[in-house]
Amino acid sequence: MSITNPNRLFPLDERTRELARELHAIVEHLPIISPHGHVDPQMLRDNHPFPNPSELLIRHDHYVTRLLHATGSDLGLLLNESNPRAVWAELVNKWNVFAGTASGYWLQQEFEALFGIQDIAAMSPDSSYNLISAALGRPEMRPQALLDRFGIEVLATTDDPLSDLAPHSALSSGTGTRILPTFRADAYIDPSNPNFLSSVRALADHSGDPLDDYSGYLAALEERRDYFKRHGAVSADHGVRSPRTLALDPDTAAALYSRAVRDDLDEREKDVFGAHMLLQMAGMSSRDGLVMTVHAGVYRNHHSDTWRTHGPDTGHDIPVPTSFTENLRPLLEAYGLTPGFHLILFTVDETTLSREIAPLAGFYPSVFIGAPWWFLDAPDSAARFRASTVETAGFYRGSGFIDDTRAFLSIPARHDMARRGDAAFLARLVGEGRLSKKAAEQIVVDVVDRLPRVAFKL
Amino acid sequence: MSITNPNRLFPLDERTRELARELHAIVEHLPIISPHGHVDPQMLRDNHPFPNPSELLIRHDHYVTRLLHATGSDLGLLLNESNPRAVWAELVNKWNVFAGTASGYWLQQEFEALFGIQDIAAMSPDSSYNLISAALGRPEMRPQALLDRFGIEVLATTDDPLSDLAPHSALSSGTGTRILPTFRADAYIDPSNPNFLSSVRALADHSGDPLDDYSGYLAALEERRDYFKRHGAVSADHGVRSPRTLALDPDTAAALYSRAVRDDLDEREKDVFGAHMLLQMAGMSSRDGLVMTVHAGVYRNHHSDTWRTHGPDTGHDIPVPTSFTENLRPLLEAYGLTPGFHLILFTVDETTLSREIAPLAGFYPSVFIGAPWWFLDAPDSAARFRASTVETAGFYRGSGFIDDTRAFLSIPARHDMARRGDAAFLARLVGEGRLSKKAAEQIVVDVVDRLPRVAFKL
Amino acid sequence: MSITNPNRLFPLDERTRELARELHAIVEHLPIISPHGHVDPQMLRDNHPFPNPSELLIRHDHYVTRLLHATGSDLGLLLNESNPRAVWAELVNKWNVFAGTASGYWLQQEFEALFGIQDIAAMSPDSSYNLISAALGRPEMRPQALLDRFGIEVLATTDDPLSDLAPHSALSSGTGTRILPTFRADAYIDPSNPNFLSSVRALADHSGDPLDDYSGYLAALEERRDYFKRHGAVSADHGVRSPRTLALDPDTAAALYSRAVRDDLDEREKDVFGAHMLLQMAGMSSRDGLVMTVHAGVYRNHHSDTWRTHGPDTGHDIPVPTSFTENLRPLLEAYGLTPGFHLILFTVDETTLSREIAPLAGFYPSVFIGAPWWFLDAPDSAARFRASTVETAGFYRGSGFIDDTRAFLSIPARHDMARRGDAAFLARLVGEGRLSKKAAEQIVVDVVDRLPRVAFKL
């Protein structure tokens, strides 16, 4: 697991491993492009030292808190900032439960690369806590210094449509990293979202239109998208349980909307209006050029008590069976061939990869295959992802790697993992006589450096 | 395929193979813990010699009879005990159809380890029949002797709720193996079960309550669970087509029940009551502590004529698409965080592994990832199982291996196959720098010896 | 990627690769049996020189045109025969987008084996166009000469039920290849098919029965099947979105049919009648002996504008989630055990392989596992196919490889790819001690040469 092993994540076969090492070396030090993620822009802006190891590495990373919870830790303890040493001890004392997991892999890389800790379980929790705490006080561990050290050229955040994007403006000079906002309007367009009513009310307050004015609502969304664009945004993101899309005529839509803002829709009507709005967002993207990313197929806040007590993003968002082919058809009928429209699809249902996403991206110029997402952002899953998409759609219909992370410190480990995985995959294809070495050398660079720039219009 | 090959099921790469061999050696001779299966307790109790090779190795193993049937053998012949030599000849003469299958692998291990037969196809059917028959007459081939020889520490059977568990009582001393009953109430709680009416009638006769008394029905089920507990049971098993759960208010449930016992429910109502009862069983498990195992997603008795002629478990139970996330939500809302409640999920739909089961087990302390089940209990399937679950939930949220078999003689081969598979998987992770050798050495022991004890409260 | 690499598609491990090479050598030069495909019989009959490289290798191959379209090429250009040099330049200039794809692999084999071009991207498009054009003028590049050169023993075409099969009659002597028609009645039995109305009208015209005479309709279909059989057909093919089957009583079916031919069914009724007719076709197959092949799970003509402009088979047929277990149950209840009835299942939803198709073929003697189809006809997909089916159903319940191609020149490359994949898979099983080398040597021959003859009754 150690980063001192230069062959980590490479194939076991000696010659193929050698080739993977050569391919990886070509891209190892290329800048990091992170066009979608959840790092807090205010944290970057403030540039304060990170408060303590638990706040930095545990509390905000629901990959980590969820597995500690599953193995018996108290979620209230983990999510509370008042006792970071006790939280830290949970992680260190149960380090074995992370063996083989993606987050265990990332944490190990971080421990070694940033704090020089080879085996976290071999030290007492207090010792490693103290060691890391001391390091966090140093100037080179401040957020902006790490942006440089990590070699992050582009970093996108994810933002509320009514955000003034002040941190982004402030950050627009002074760091070598381009920090971009991303428009994420789920709470404004999906009546099933628990914050829908308060969101549309705030939007109407902002625009000055009556709350139940459907055309004012659409115009206000367009205005906010434009605001985001003027502040550097290149994409609009959509998290949905189902990627269903649907075209309502404007009168029907307006009537549903006016009832939606009075909380007067049943479940089916909520779904219909949400599907209609997903199609509207595609229309806006086709006009204003913001890349449309869709993260589909997750049942959010599966355990109600936990959600009531601890809020969202606390580890119980669980995937559901997903399908794109029929659900996206109205959208692709309307905009699938529109020049400049980009739609990037992310899934946590692996069955969609060979069955739907690769075939769609192999026909529609607008459709891009998103990177392995969430639970699938891990070495074996990523290998399956490549093996399930490349044979149908090749390497050039993908978005490039996307870390989609809240865990700032994990960004380099994740990108390196993706690069190693791609080098390993390409090396295998060369070894099997399916690709020339020369082609692989070009592809590994394109995948890391060119595809995200193309897909996200950077 | 021979057991004389010490490297069977290990990776092809030389160094990784060496490491797998080392890891396997650590657990090779650990006792077998078999916390769920279908061995006949009466057979163990009687301890008679096995009657003949076909009765022992073919007739009761629907893995074997189904593939012989698919390749042209007459099912009536295979399932009838009157002509065991003819049945045996079917297997020997078509041995090639089992090449590459899991059951072929197990049978080969059994032929070699127990009867010294290297190549069953190289002998005439009569020769191997005679050879095995002669061996079956020896004292060391009696069931109880094999329990010792196989090193089986724990063996769970699966039993009707109204069973008096006499064999278990009789077996409670005299063997070195702990023989446990398992409460399996499908026919008592699912109105779609062909034996529902006779089962609930028998239960009411047993309890003395009126047939249509819902609270008496629940109390009778609880009484039988308690009886099982007092006879050593640690778990209650549930085989369902869909893992749907649903909370009805008691009056609605009582009304449905009183109609169910008069065979007066339509298909939808049967499903609703069954889903309600699955939730009730979780409630009982949360109170009495019996581990709840769920085997979901199988269309039982797919071919009606075969079922009418030959009965259930005759090879035509076929998997269907399965999903747990929404179906189990009512159950997990109610009991997902209940201390001491254990829910072990088994699937024959591999898509649920990375999409649902690993994410659920990565959050809910009550949820355990069951072992590869039925058609998936095979080397490549088991490797996919690990690769689809470990990256999300690690190694410590699993139940350990479960053979779930009617084929008594296959138990050691199956457990050895699982141990080899885990050793191979861990060796690969070490080889890829994702795990230290030290961690792998601990995990291989925990997976074999500790996890089943934890998950099944042994 | 070069065919000069004798180890292409073989395992990376040295000893296993050696074994794969030995196994492949046994079958490398066996004749090609292609019992299902879409080569134009008139083209074979005419035996004219191929007009130009684009007509031969691009325009009719929607694997190729779709990916060019997805990467920005104009579909109108690609599908139009008026500017073949411009079309050719699209392929050559974007050759990198095919890296790692199945069609890229086949094209590379064809470039090398037939035209001596090692690296198409290293020459100007005009140079390779000229070189190939010149070659196409030679006698040994005529269609019938290639049938011989490719070693094609059997080649099935796919034909309209009203076809007079004149090309097949003409081809019945004079080539060493047996050219068989295949009965494909989708447009005649599925009211959702855009050509249903014109097809049933043509059928009624042919038979002389009134258009809305259901029994005449069934008799006419039976008569055409018989005509096909007398012209050498061995199978009837069915392409369906869902493999749903349903038994209507004759009166209900007749009533639906008489409304269907007046275009008076709603969507649900169309599905019901289509499901009924799929069951009828199974009945006809059970009586006349034509092997029933089912290609299920594709949403045809996903993008309406493209379909209106360019017609069907233009690259936007996209898979959908598929399930066979419940959908095929009425069919298998009726005919699953009927002696001589053969049902071969093809899927583009990989989830059905281990979950449904292998279990069905592991019980029903009539069910055969079709080869990896369409998007899944590629090296990694084919390896997953074997690993997902063999452990349950062995090697002997499969149909053997089927190329299902319109791209005549790709036939040898595809069959060789399948043979190499099987050799690689078998070599791994031998290397892992799961199969003897002797057994593997038998299986590799049976899979290539015996299984298609058995499954398709050749």
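This is a predicted model: local features need pLDDT of at least 70, side-chain atom pairs count only at pLDDT 80 or more; totals for chains, interfaces and linings use all residues.
Colleague: What box do the C-alpha atoms of chain A fill?
Modeller: The box is taken along the principal axes. Its dimensions are roughly 65 × 55 × 45 Å.

Colleague: What percentage of chain A counts as buried?
Modeller: A residue is buried if 20 or more other C-beta atoms lie within 10 Å of its own. Over the 458 residues of chain A, the buried part is 57%.

Colleague: Which secondary structure elements does chain A hold, and what share of its contacts join residues at least 24 apart?
Modeller: Chain A has 21 helices and 10 strands. Take its contacts between residues at least 6 apart in sequence. Of these, the share joining residues at least 24 apart is 76%.

Colleague: How far apart are the centres of the domains of chain A?
Modeller: Chain A splits into domain 1 (50-140) and domain 2 (143-455). Their centres are taken over C-alpha atoms. The separation is 29 Å.

Colleague: Which helix gives the most to the side of domain 1 of chain A that touches domain 2 of chain A?
Modeller: The contact takes 18 residues from domain 1 of chain A and 16 residues from domain 2 of chain A. On the domain 1 side, H3 (53-59), H4 (62-70), H5 (75-79) and H7 (102-115) of chain A each supply at least two residues. By class, that side has 9 nonpolar, 5 polar and 4 charged residues. The top contributor, with 6 residues, is H7(A).

Colleague: What kind of axis relates chain B and chain C?
Modeller: Chain B can be laid on chain C with an RMSD of 0.0 Å.

Colleague: How much of the contact set of chain B recurs in chain C?
Modeller: The contact joins 42 residues of chain B to 41 residues of chain C. The copies use different surfaces. The part of the contact residues of chain B that recurs in chain C is 5%.

Colleague: Which element gives the largest share of the side of chain B that touches chain C?
Modeller: Elements of chain B giving two or more residues are H4 (62-70), H7 (102-115), strand E8 (318-319) and H19 (379-393). The residues of this side divide into 20 nonpolar, 16 polar and 6 charged. The largest share is 4 residues, from H4(B).

Methods: Residues are numbered from 1 along each chain as its sequence is written. Chains are lettered from A and ligands numbered from 1 in the order in which they are written. Copies are superposed by least squares on the C-alpha atoms of residues with pLDDT of at least 70 in both. Two residues are in contact if their C-beta atoms, placed from the backbone, lie within 7 Å. Ala, Val, Leu, Ile, Met, Phe, Trp, Tyr, Cys and Pro count as nonpolar, Asp, Glu, Lys and Arg as charged, and the others, Gly among them, as polar. A residue is buried if 20 or more other C-beta atoms lie within 10 Å of its own, exposed if 12 or fewer, and partly exposed in between; C-beta atoms are placed from the backbone. Domain bounds come from an automatic or database domain assignment.
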